[in-house]
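Reader: Thanks for sitting down with me over this one. Could you walk me through the fold, a piece at a time?

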Amino acid sequence: MKLLISGEGSSDIGTCNNAQGVCMDEMFSPGPMTIWLTRFLLEWAGYDLLAIPEAVVFVSEKTLAQDAKQSTGRMQALRGKGKQVETGLYFSNTRQLGLRAKVMSRDDDVPVMAVFFRDTDGTRSAPGQLWQAKWDSMLNGFKSVEFDRGVPMLPKPKSEVWLLCATKQGNHSHEVLENISGNDQSPNSAKAQLDQFFGEHQSATQLAEWCQTNPVDWSKLMTLPSFKAFYDRLQSVVKAIVSPMAALP
């Protein structure tokens, strides 16, 4: 099993440290969201993918955009009457990530799961309709290339809210956190609240290290609809990959 991932920067999925658009192993610096991803896969599938050479492959946002420009395939699904307007960029990027995953699976003769990370909105608290439109656009991008192992990772409004939720006490609903402004300049932004919790600003590396053991359980995060949607989709795809493999002699 291999994992193909794409994100926006070092503080979410991670980044290449060799100035390339595609990287793996020591050339890839995993971010907090990748640490969480690999924790789930270790629990559900028994694979510590970050410890397996070439098992986790990162593709930058810029590289996917370049792939989309060079693609001769359709960029966007047609819209029917009453259908939510899809986000073309998300559609085309997940389409390209799905194509890369299919090639990787064929060439390496292993199942490949693709996870596409994007923040819902970086400037304001995004309405639920916008989150749903972007989520559907990601799924439709994977579907357009007949790739059924694609997983959207779409925090609302951004990944700092998921991290902030992991710092909270009590297992009551923390859904209100999704109403925090996505603007980092806001005086009460998720990033500012995270800094307050830690006592100082945390680098991407420090947050990734913290995520190796936090949260201890996921019950708080499961009260965030955006996280629950990601979790359920991820679990479904992992089960679809692992179950047939487990049945092999």
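Reader: Let's start with the sheet: in what order do the strands lie?

Author: Happy to, and please keep in mind that this is a predicted model. The sheet is open and built from five strands, with mixed pairing. Its edge strands are S3 (22–24) and S7 (150–153), each pairing on one side only. From one strand to the next the twist averages 20°. Read across, the order is S3-S5-S1-S6-S7.

Reader: In S5, which residue is the bridge partner of Cys 23?

Author: Strands S3 and S5 (residues 56–59) run antiparallel, and three bridges join them. For Cys 23, the bridge partner in S5 is Phe 58.

Reader: On to the inside: which residues of the largest nonpolar core touch the most other members?

Author: That core has 47 residues. In the largest core, the residues that touch the most other members are Trp 36, Met 113 and Phe 227.

Reader: Why do the buried residues of H7 lie on the same side of the helix?

Author: In H7 (residues 204–211), the buried residues are Ala 204, Leu 207, Ala 208, Trp 210 and Cys 211. They lie on the same side of H7 because, around the axis, they cover an arc of only 160°.

Reader: And which elements are included in what covers those buried residues of H7?

Author: The cover comes from a strand and several helices. Included are strand S4 (28–30), helix H1 (32–45), helix H5 (159–166) and helix H6 (190–198).

Reader: Now for charges: how many residues apart in sequence are the parts that Arg 118 and Glu 61 tie together?

Author: The structure holds seven salt bridges, and in this one the closest N and O atoms of Arg 118 and Glu 61 are 3.8 Å apart. Arg 118 is buried, at 1% relative accessible area, whereas Glu 61 is partly exposed, at 32%. Arg 118 sits in the loop between S6 and helix H4 (128–144) and Glu 61 in helix H2, so the parts they tie together are apart in sequence by 57 residues.

Reader: Which residues do salt bridges that share partners join into one network?

Author: Begin with Lys 158 and Asp 184, whose closest N and O atoms are 3.0 Å apart; Lys 158 lies in the loop between S7 and H5 and Asp 184 in the loop between H5 and H6, so this pair ties together parts 26 residues apart in sequence. Asp 184 also meets Lys 191 in a salt bridge, at 3.2 Å from N to O. Lys 158 is buried, with 8% relative accessible area, while Asp 184 is partly exposed at 29% and Lys 191 is partly exposed at 28%. The network joins Lys 158, Asp 184 and Lys 191.

Technical notes
Residues are numbered from 1 along each chain as its sequence is written. This is a predicted model: local features need pLDDT of at least 70, side-chain atom pairs count only at pLDDT 80 or more; totals for chains, interfaces and linings use all residues. Side-chain values use heavy atoms; hydrogens and water are left out. Buried means under 20% relative accessible area, exposed over 50%, partly exposed in between (1.4 Å probe, protein chains only). Helices (H or I, at least four residues) and strands (E, at least two) are DSSP runs, numbered from the N terminus. The arc is that of the directions from the helix axis to the C-beta atoms. Contact means heavy atoms within 4.5 Å. Two strands pair if DSSP finds at least two bridges between them. Axes are lines fitted to C-alpha atoms, for helices over the stretch in contact, and angles run from 0 to 180 degrees between N-to-C directions. A nonpolar core is a set of buried Ala, Val, Leu, Ile, Met, Phe, Trp, Tyr and Cys residues joined through side-chain atoms within 4.5 Å. A salt bridge is a side-chain nitrogen of Lys or Arg within 4 Å of a carboxyl oxygen of Asp or Glu.
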